[in-house]
Amino acid sequence: LSQSDMPNTNDTLRISYGATTIGVPVVDTNYFWDYSQLTSTAQYLLNFEPPSNTSYFGLNTSFISSYAVYNWSPDSIPFIPILPNNFYDFYKKSSSSYKQVGQGYSLFGFPIPVFYNPSDPIYKFPGNLGDQDTSDAQFVSQIPNLFYWREDIHRVNHYAGWGTLITPYDTFPTTLQIRTELTKVDSISLDTLGISIPSFTRNSVQYQWFAPGSKIPVLNITTSVVGANETVTQIVYRDSIKPVIQIGIKESELLGEFTMYPNPSTDNFNLSIESKVNQSARFAIY
């Protein structure tokens, strides 16, 4: 694995979410992984934009990165009942590593640039079969006198396997499999409420397959770890366009005011839709 296998500025790749009804992947050499039966439940576009395209770039010129990637499904901030929006991840590519150097998001109406110190080297180069690398990263995100969030990240990459991989998108006769163990420790306080939340730890494992020059893992399976048990929680893979939900596509002009109540509900609920145009439409509610 090297710099040439990473994305370039303005690359746009379509990603599918897969149904998670599978077991924990096998890690092995000269192995044949057949995930051809994965089904796409939704898709999004992964766009590696110039950092200057974002509203966060001008907030601090030390935000030095190769590109910015809009995050369509950011992790919710634990214990905060509001999802951050306009969320970007910032990455730096070099001959020695591919690392996350920052984030940018809005919370409570505040634009918040976040700098990793130290940065998070997601991959170190060269990455050869049998290698193992360990790294530690940290970021602090805060709105003075309102909100504070610190996360410590411990990452261990095992360049553990190789073989042939099949997904619904393609057959990859030569892949490198990386098993990544992630430990994240979060500390949060809400200053205005005088609430300090004790540090808590989240453990997960990522199984990633790279093909030569693939730019991203052609398949990435994430598991949560509780004790000695792993449970698959997310599957994403490189794909072509499918007739499924397209995350990030602008809402139709058909949809104006929208009300559904009670919510949550069982058996029955009321739905009211005010359209902006006089035209038939079909709605799916999940």
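Predicted model: local features only at pLDDT ≥ 70, side-chain atom pairs only at ≥ 80, totals over all residues.
Let's start with salt bridges: this structure holds eight of them.

The side chains of lysine 215 and aspartate 11 meet in a salt bridge, with 3.1 Å from N to O. Where do these two residues sit? Lysine 215 is in the loop between strand 11 and strand 12, and aspartate 11 is in the segment before strand 1, so the pair ties together parts that are 204 residues apart in sequence. Aspartate 11 is buried, with a relative accessible area of 12%, while lysine 215 is partly exposed at 25%.

Now look at aspartate 239. Its salt bridge partner is lysine 242, and the closest N and O atoms are 2.7 Å apart. Again, let me give you the accessibility of each partner. Aspartate 239 has a relative accessibility of 3%, so it counts as buried. Lysine 242, at 27%, counts as partly exposed.

A further salt bridge joins aspartate 152 and arginine 150, at 2.9 Å from N to O. Here aspartate 152 is partly exposed, at 22% relative accessibility, and arginine 150 is partly exposed too, at 31%.

Salt bridges can also form a network, and we have one here: Glu151, Asp186 and Arg202 are linked that way. Let's stay with aspartate 186 for a moment. You will find it in strand 10, which covers residues 171-190. Is aspartate 186 buried or exposed? Its relative accessibility is 0%, so it counts as buried. Which residues does aspartate 186 touch, not counting residues up to four places away in sequence? They are Trp149, Arg150, Glu151, Pro198, Ser199, Phe200 and Arg202. Glutamate 151 is 35 residues away from aspartate 186 along the chain, yet their C-alpha atoms are separated by 4.6 Å.

On to the aromatic rings. The count comes to 14 aromatic pairs. One of them is tyrosine 70 with tyrosine 88, an edge-to-face pair with 5.2 Å centre to centre and 85° between the planes. This pair links distant parts of the chain: tyrosine 70 belongs to strand 4, tyrosine 88 belongs to strand 5, and they are 18 residues apart. Tyrosine 70 is partly exposed, with a relative accessible area of 25%, and tyrosine 88, at 10%, counts as buried.

Next comes tyrosine 123 with phenylalanine 210, another edge-to-face pair, at 5.2 Å centre to centre and with 90° between the planes. Tyrosine 123 lies in strand 7 and phenylalanine 210 in strand 11, so this pair ties together parts that are 87 residues apart in sequence. How well covered are the two rings? Tyrosine 123 is buried, with a relative accessible area of 5%, and phenylalanine 210 counts as buried at 3%. Both residues also belong to a cluster: ring pairs link Phe48, Tyr67, Tyr91, Tyr98, Tyr123 and Phe210.

Strand 6 and strand 7 run antiparallel, and ten bridges join them. For a landmark, find serine 97, which stands opposite lysine 124 in strand 7. The two strands form a hairpin with two residues between them, and in the turn phenylalanine 108 has a positive phi of about 55°.

While you are there, pick out serine 106, which has its place in strand 6, residues 97-107. This serine 106 is buried, with a relative accessible area of 16%. Leaving aside neighbours within four places in sequence, which residues is serine 106 in contact with? The list is Tyr56, Pro84, Asn85, Asn86 and Pro111.

Last stop: the surface. Phe258, Phe269, Leu271, Ile273, Phe283 and Ile285 make a nonpolar surface patch of about 520 Å². Take phenylalanine 283 as an example from that patch. You will find phenylalanine 283 in the segment after strand 16, the strand that covers 270-275. Phenylalanine 283 is partly exposed, with a relative accessible area of 42%. Patch members need over 30%.

Methods. Residues numbered from 1 in each chain as written. Heavy atoms only, no water. Phe/Tyr/Trp six-rings, centres within 6.5 Å; stacked < 30°, edge-to-face > 60°. Helix = DSSP H or I, 4+ residues; strand = E, 2+ residues; numbered from the N terminus. Buried < 20%, exposed > 50% of the residue type's maximum accessible area, 1.4 Å probe, protein only. Salt bridge = Lys/Arg side-chain N within 4 Å of Asp/Glu carboxyl O. Patch = residues over 30% accessible without salt bridge, like charges linked within 9 Å, V, L, I, M, F, W, Y side chains within 5 Å. Areas by Shrake-Rupley, 256 points an atom, 1.4 Å probe, with all protein chains shown as cover. Contact = heavy atoms within 4.5 Å. Pairing = 2+ DSSP bridges.
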